[in-house]
Amino acid sequence: MYMCNQLPLPVNSNPGMVFPPRRFTTILDVSRFTARLIDGALNHKAILDKKELPLEKATSREPGQPLCMTQYYRLLGSCRLPGKQKDSQHTAANESGSEHIVVICRSQLYCVPVQAADRGRLSEDEICAQLLHILDDAPCLASPPPIGLLTAIKRSSWAEAKDALCRDDQNRRNFELIAKSLLVVCLDEALPTSFNCRLQRGGKGHTAGGRDETNLVLQMIHGGGTAYNSCNRWFDKTIQLIVSGDGACGLCYEHSSAEGVAVIQLVEKLYKDAASGNQISEVPQASSHLPPPERMEWILELDDHKRIESAAQAVDNLIKDLDFQVFRYVGYGKTFMKSCNVSPDVYIQLALQLAYYKLYGKLTATYESASTRRFKLGRVDCIRSGSPEALAWAAAMAQPKEDEKKVTFHLVSNEVKLKLWEEAVRAQTKEMIDNILGQGIDIHLLGLREASKDTSPTAAHPLPEIFTDPSYRLANKFLLSTSQVATSDDSFMGYGPVEPEGYGASYNPKPDQVIFCLSAFWSSESTSSSRFAQSLEESLNAMQTLLARKA
Ligand code: COA
């Protein structure tokens with residue numbers, strides 16, 4: 001699913017996550033909070049090294065089944081590596097007992113050792129001092145060539161650029177340091193409030209430095225372009241923690257190693273611990289003995305500079321094309337949905353179907369990720385929500401109202417709509433449960449397709465017809481790509497569409513509201529994230545009116 005996809009990682013693959021913003025008054029607050037995040041990551045790594053992460057168990061639908069924990073063990077220390085045909089993964093392996101992280105500030109990359117075999121782990125104070133040094137050092141330097149931008153282009157082009165850079169030993173060593181680092185920390189500048197400025201539909205939610213939530217999540221997804229923080233990233237790195245001076249903080253994560261659930265669990269823990277500590281504003285003392293962190297120097301030829309220049313243009317175009325908005329629906333949340341005896345996930349999926357139908361008069365192939373961690377090495381399968389039952393219900397809901405002698409009536413009665421609703425709920429619930437219990441179809445078909453490719457199709461033994469049939473292609477063209485990304489605090493995660501004419505829609509159901517992140521591309525004439533948000537709002541309102549009648 002991931003390794004052969006040539007598309008650039010930002011927007012197309014890497015999700016961005018916004019944590020509740022912090023209040024920083026000095027540069028010391030920034031480094032102290034960031035040091036705490038890193039210290040938390042080191043505590044977590046110690047648990048992973050001892051293989052002591054508690055085993056999670058399913059809480060519903062055959063509760064108590066153990067869940068595969070493998071993803072959790074490859075979050076720290078992993079990195080995606082570009083390949084000309086196919087990417088690969090560097091996975092964590094800590095044989096030496098030493099650890100380092102990479103900090104990026106004003107496009108400068110620094111290697112910060114955080115644990116050495118001979119002297120043990122750096123204290124929070126020591127990490128804080130290292131970060132202060134970087135925050136002091138980077139602004140005094142001339143802007144370096146933004147190598148990190150190359151991680152944001154088409155994968156095969158990045159692989160070629162990397163091969164060329166690897167002819168120099170120093171560059172090769174830098175790449176190794178980045179790949180092997182525990183994680184990357186990006187110390188960002190705030191985006192201007194005018195960046196992608198538009199009225200946010202629904203509740204207002206978080207702000208940082210006067211910026212709204214759409215502005216904040218775009219900083220996490222792509223950095224805002226080369227004029228802002230996109231040069232301050234290494235998009236191949238599994239975990240990039242992002243902190244900016246105005247208190248905005250969050251994450252950009254590379255998706256191939258793990259699903260959002262595992263990543264959220266880790267970063268929520270890091271955030272909670274870092275935010276719960278007292279604000280300590282003293283300059284750290286225990287640090288003067290440490291050498292300053294190593295700033296990475298790059299040796300570039302003329303061709304390398306040219307590649308970076310064209311990467312800058314490509315990245316800015318990609319970013320300009322993203323039509324994104326955070327939509328906090330505040331009419332009601334999962335408490336009301338549960339009171340209707342419906343799974344909130346099923347309810348929201350059907351709302352998305354109705355929103356799509358109201359705009360296009362039809363449904364489309366829809367992807368919803370379903371965790372398959374009940375199986376060893378399980379990742380996700382695909383809940384296909386565009387069912388015939390959903391279509392019948394959406395069509396009934398979208399019937400226009402008739403106005404006869406000033407009495408408005410619906411062409412389809414509420415009784416019929418409720419009956420169709422119940423059938424749509426039944427079908428969607430079955431589809432969801434089938435998937436999480438391993439009875440989905442997509443992963444099995446994907447496995448068969450890849451296995452048949454491994455046997456090198458020839459004229460005598462071509463790829464089985466099912467995989468070349470136009471209906472297979474159509475069924476996998478997900479114009480609606482969705483997933484539930486639930487968080488325990490007020491963080492939220494968003495991502496881009498997976499098709500040029502498609503929508504991305506993540507949702508985070510809360511008791512009294514739902515946080516949606518809706519995305520599309522401006523270059524598509526048929527999509528619009530604001531029209532989708534409006535249609536979704538109307539759909540959720542209409543569903544409440546219908547179901548409140550039933551109650
Ligand atoms: N009536 C009333 N309440 C119901 C109900 C019903 N018929 N069905 C479920 N509920 C309740 C549940 O008990 C649960 O209660 P809780 O909030 O007290 O725990 C709540 O509603 C949520 O259940 P539901 O909406 O069914 O969703 P879920 O939490 O089981 O999640 C999936 C469903 C498919 C999202 C989940 O199984 C999954 O696979 N998650 C992973 C998604 C993923 O990978 N995302 C990241 C992609 S990067």
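Tyr347 is buried, with a relative accessible area of 0% (buried means under 20% relative accessible area, exposed over 50%, partly exposed in between, with a 1.4 Å probe and protein chains only). Before going further: this is a predicted model, where local features need pLDDT of at least 70 and side-chain atom pairs count only at pLDDT 80 or more, while totals for chains, interfaces and linings use all residues. Residues are numbered from 1 along each chain as its sequence is written, and side-chain values use heavy atoms, with hydrogens and water left out.

Tyr347 sits in helix 9 (residues 344–360); helices (H or I, at least four residues) and strands (E, at least two) are DSSP runs, numbered from the N terminus. Leaving aside neighbours within four places in sequence, Tyr347 is in contact with Tyr332, Phe336, Met337, Val342, Trp421, Leu540, Met543, Gln544 and Leu547, contact meaning heavy atoms within 4.5 Å.

As a general point, an α-helix has 3.6 residues a turn, so residues three or four places apart point the same way. Helix 11 covers residues 414–436, 23 residues in total, and runs 32 Å from first C-alpha to last, close to the expected 33 Å; that expectation is 1.5 Å times one less than the number of residues. After helix 11 comes Gly438, with a positive phi near 95°.

Ser343 is in the loop between helix 8 (334–339) and helix 9. With a relative accessible area of 16%, Ser343 is buried.

Next up are a few residues elsewhere in the chain.

| Residue | Helix | Relative accessible area |
|---|---|---|
| Trp158 | helix 3 (residues 155–165) | 1% |
| Gln219 | helix 5 (residues 213–221) | 0% |
| Gln130 | helix 2 (residues 124–137) | 6% |

Trp158 touches Pro82, Leu150, Thr151, Ile153, Phe175, Trp234 and Asp236, not counting residues up to four places away in sequence. Its C-alpha is also 9.0 Å from that of Arg307, 149 residues apart along the chain.

Which residues does Gln219 contact, again leaving aside neighbours within four places in sequence? The set is Asp188, Glu189, Leu191, Arg211, Asn229, Arg233, Ile242, Ser244 and Ala248.

Gln130 touches a run of prolines, Pro291, Pro292 and Pro293, as well as Val112, Leu122 and Leu290, with residues up to four places away in sequence not counted. Gln130 and Ile47 are 83 residues apart in sequence and 24 Å apart in space, C-alpha to C-alpha.

**Two positive phi values**

Most residues other than glycine have a negative phi. Lys51 has a positive phi near 55° despite not being a glycine, and its place is the loop between helix 1 (27–49) and strand 2 (79–81). Ser107 also has a positive phi, about 70°, and is not a glycine either; it lies in the loop between strand 4 (99–105) and strand 5 (108–116). Buried or exposed, which is Lys51? Lys51 is exposed, with a relative accessible area of 62%, whereas Ser107 is buried at 16%.

**The whole chain**

Zooming out, the chain holds 14 helices and 19 strands. Its radius of gyration is 24 Å, which agrees with the value near 24 Å for a compact globule of 551 residues; the radius is taken over C-alpha atoms, and the globule rule is 2.2 Å times the number of residues to the power 0.38. The C-alpha trace spans about 85 × 65 × 50 Å along its principal axes. Of the 551 residues, 55% count as buried. Among contacts with a separation of 6 or more, 73% come from residues 24 or more positions apart.

The chain exposes about 24,000 Å², with carbon and sulfur atoms supplying 53% of it; accessible areas come from the Shrake-Rupley method with a 1.4 Å probe, and for residues only the protein chains shown count as cover.
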